[in-house]
Amino acid sequence: MIVITPQAGPHVRNPGKVPSLMAKVVLALVPATLFGIYLFGLPALNTVLLCVVSALFFEGLCVRLVNKRLGLVLADGSAVLTGLLLALTLPPWAPWWIAVGGTGFAIVVGKQVYGGLGQNPFNPAMLARVALLLAFPLQMTTWVAPAPLFSPAAPDFAQSLTITFNGAAVPDSLSGATLLGQVKTDLDRGLALPQALGAHFSPLGQGIGYAAGSLGETSTLLLLLGGLYLLWQNIINWHTPVSFLATLALLAWVFQQLDPTSYAGPLYHLSSGAVMLAAFFILTDPVTSPATRAGQLLFGAGCALLVYIIRTWGGYPEGVAFAVLLMNALTPLVDHYFKPRQYGRTRRGKPLPLPPLEKMAPSRRGRP
Amino acid sequence: MRLFGFRGGVHPEAAKHHTERRPIRRLPLPRRLYIPLQQHIGAPAKAEVAPGQHVESGQLLARSQGLISAPVHAPAAGRIVAIEEHPAPHPTGLPVSTVVIETDSEQPPATVPSTEDPFTLPPATIAERVGAAGIVGMGGATFPSAVKLMPNPKQPIHTLIINGSECEPYLTCDDRLMQERPEAIIDGIRLIRHALQARRAVLAIEDNKPAAFAAMAAAARQSEAVEVIRIPSRYPMGWEKQLVKTVTGHEIPHGQLPGGIGVCVHNVGTAYAIHRCLRTRQPLSSRIVTVAGGAVRHPQNLEVPIGARLEELIDFCGGLTEPPARLVMGGPMMGQVMPHLRVPIVKGSSGVLALSAHEVDDGPERPCIRCGRCVMACPAGLLPLEMGARMRHDDLDGAEALGVQDCIGCGCCSYVCPSKIPLVHYFNYAKGELQNRRQEKAKSEQTRQWAQARSERLAREAAEKAALRAERAASKAQQKRPPHPSKEPL
């Protein structure tokens, strides 16, 4: 990169910088991460550490290969964030090669081949998650029931190493299913929705997140807390999350009104799966989402529509990752069509018409 | 009064508290003054004096050239030492033609109050006198003020807006002027209103200057000719387009000046200069300058004769406490970097800032993460991130298609950029290149026309010659021929 000393203003700058933005996003994810580690025990900790460390490793490797400044790039914190985000979407007891391979895919294929930070068209973590899901469907859908740290069911340190590095099978007593997966299976078996839901769904339980699921996606409330922190800190705009969540809730409500025995309500959709994580941490990835407010509103709504379609009528119980990638692909188009209006011009770029004189001219005030 | 918002903008740390409470002090007359012949937008003035000549205070040094130009006057009595090239107050520090005066004494120029009532003067005369006094826009744009005062029957002005917003951080020269000389400013505003025959005059002051607002409101109460209003503090409020939108609710259509919608904008400093010009017949030869920044020992506002070098101002303010990381003339958002302290104060110098390293703090430039903060901040409604990406690849056409020409250079995008990308730097470059391209095009078009005219002329001349030759040949043939051509000999 060419370093120039600018002669043009401004000569004072806003203190916000890329590393501090990334650090705040990571900070906002800490509660949900800690909760995931608590809920699923030491193997979950292994997964998080593996993802973060290998993200730094792969980022450093790529940066070395193209002779960029290693320290400058690693310090921006984007690799750590990608690794952490991927870890949060993985099954908590995933084998080590899922974590490392997935992170490698995210960093190398998802980001660095395009030129690194800011150049990737797709969200790296979601790209890796989809690639893993398609390549290793078994490992990516092997869920564990909560086995909190210090509880009798929790694996100890040695066991955690076996689980992560030796691919020990999940004991039957701990195997579980996610709410979305369970409900989908039940519906496919011909059960009516109220029965399918009744057995597994409690809004409060889903909110707190004491349930089987991806490492960091279970606790809706902690993720919401992190998202509110990001909004408060002005790291993200409200446009994307609000439009995403509102559209999803609206769709769920409309279909529930049409047929309550087949379609679950808004609370079910908002509190399950990757929705909260996506709303505040995935869709708001600046690189792969539109840059204008109007574009962000459309982007969020489009994601919600796709999530609802995939969840309700698609082959997968969860559709957030697919929806995000599809909308990422639309981002350049959205950015092309949703531009702000330039000062003094109409939306089409023509000069504004002169306002009528009688509207402009005020009455005489005071004596000269 | 109802106010209107404008799109974008930022809230930089004002950093005005260092200077806003200290009274304006007069800089002792320096031994030498360096007065550039071009201190304004338009054609440079032409020197009227010769080296060795003695000039009086206020005497004309250089005459205005053309409509968009301004004359230059002597700020103090003294002897012309030289008219030679000296570094300009510009980032390059390139030499410009400068009149150097060795001043006689430290006496301030005597003022003679004029006895005539300027309100009896016809508007055209007021414009003429303002032009002859060398008054230019004092907010920094340095556009000759007389041009904006000239009556234009096609575009009558109904609203005069006086810009007292001073939205740039650090600067308090307008603030202090409003606090200390409100009556003079009100008089200046009334004179401008009279010249323009405007229906109303509005003085707009940002709400972070309560003292200035109170002083101006009190002074305006006497005549009721000027409405003093408070506007929200948001950069770039003081930029003409944003101010007009805020006060009138109308945007200036692309390609128009404020006059197009019947509005005229002047700065409070200009109003003060116009008051001085019409009431005491003094040309513009001094101004208020804010000397501030973390590296200045005693930041304050100074009344400085045009042509004093920056080093004199800094010395008078107690010198520097550390080597400045950046030396800026103007405000920190739109000001220009100065190469060194041996450049003079000119008519448009609102501030001299010696910024310390922690104030500048650019950090390393990183790649754009497309966060869109620049889009939200841009008051012109542009996409700085897209234009910046185009300019990084020297894609001038791409940047032009995105509207880089509409960039007002306010710096909001660079200010908010978390990757510290010098966006304004790119856009200034783009605008310069596009200007070059236009000039090249105009030049080649001119050349083409000339070449075509020449070939047409040559062809015409050749045709004329041929016709003449043919005519001559015909007449010769006629002469040679016998009057009654005989038939073939039998």
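Predicted model: local features only at pLDDT ≥ 70, side-chain atom pairs only at ≥ 80, totals over all residues.
## A walk through chains B and A

In chain B, the mean positions of the 58 positive and 48 negative charges lie 6 Å apart.

**Stop 1: select chain B.** Show it as a cartoon and look for its 14 helices and 17 strands. Chain B has 490 residues, and 54% of them are buried.

Take the contacts in chain B between residues at least 6 apart in sequence: 73% of them join residues at least 24 apart.

**Stop 2: select chain A.** Go back to the cartoon. How many helices and strands does chain A have? Its secondary structure comes to 18 helices and two strands. The C-alpha trace of chain A spans about 90 × 60 × 35 Å along its principal axes. Of the 368 residues in chain A, 52% are buried.

The accessible surface comes to about 16,300 Å², with 68% belonging to carbon and sulfur atoms. For contacts in chain A between residues at least 6 apart in sequence, the share joining residues at least 24 apart is 75%.

Now color the charged side chains. Chain A has 22 positive and 12 negative ones, and the centres of the two sets lie 24 Å apart. For chain B, remember, the mean positions are 6 Å apart.

**Stop 3: show both chains together.** Here 58 residues of chain A are in contact with 76 residues of chain B. Between the two chains, about 6,000 Å² is buried, and carbon and sulfur atoms give 56% of it. Which residues of chain A lose the most area to chain B? Select His11(A), Arg13(A) and Tyr343(A): together they account for 16% of what the chain A side buries.

**Last stop: zoom in on a salt bridge.** The interface of chain A and chain B holds three salt bridges by the rule used. To see one of them, display the side chains of Asp406(B) and Arg345(A), which form a salt bridge. Their closest N and O atoms are 2.6 Å apart.

Methods
Residues numbered from 1 in each chain as written. Chains lettered and ligands numbered in written order. Heavy atoms only, no water. Helix = DSSP H or I, 4+ residues; strand = E, 2+ residues; numbered from the N terminus. Buried < 20%, exposed > 50% of the residue type's maximum accessible area, 1.4 Å probe, protein only. Contact = heavy atoms within 4.5 Å. Lys, Arg positive; Asp, Glu negative; His and termini not counted. Charge placed at Lys NZ, Arg CZ, Asp CG, Glu CD. Buried area = accessible area lost by both parts, 1.4 Å probe. Salt bridge = Lys/Arg side-chain N within 4 Å of Asp/Glu carboxyl O. Areas by Shrake-Rupley, 256 points an atom, 1.4 Å probe, with all protein chains shown as cover.
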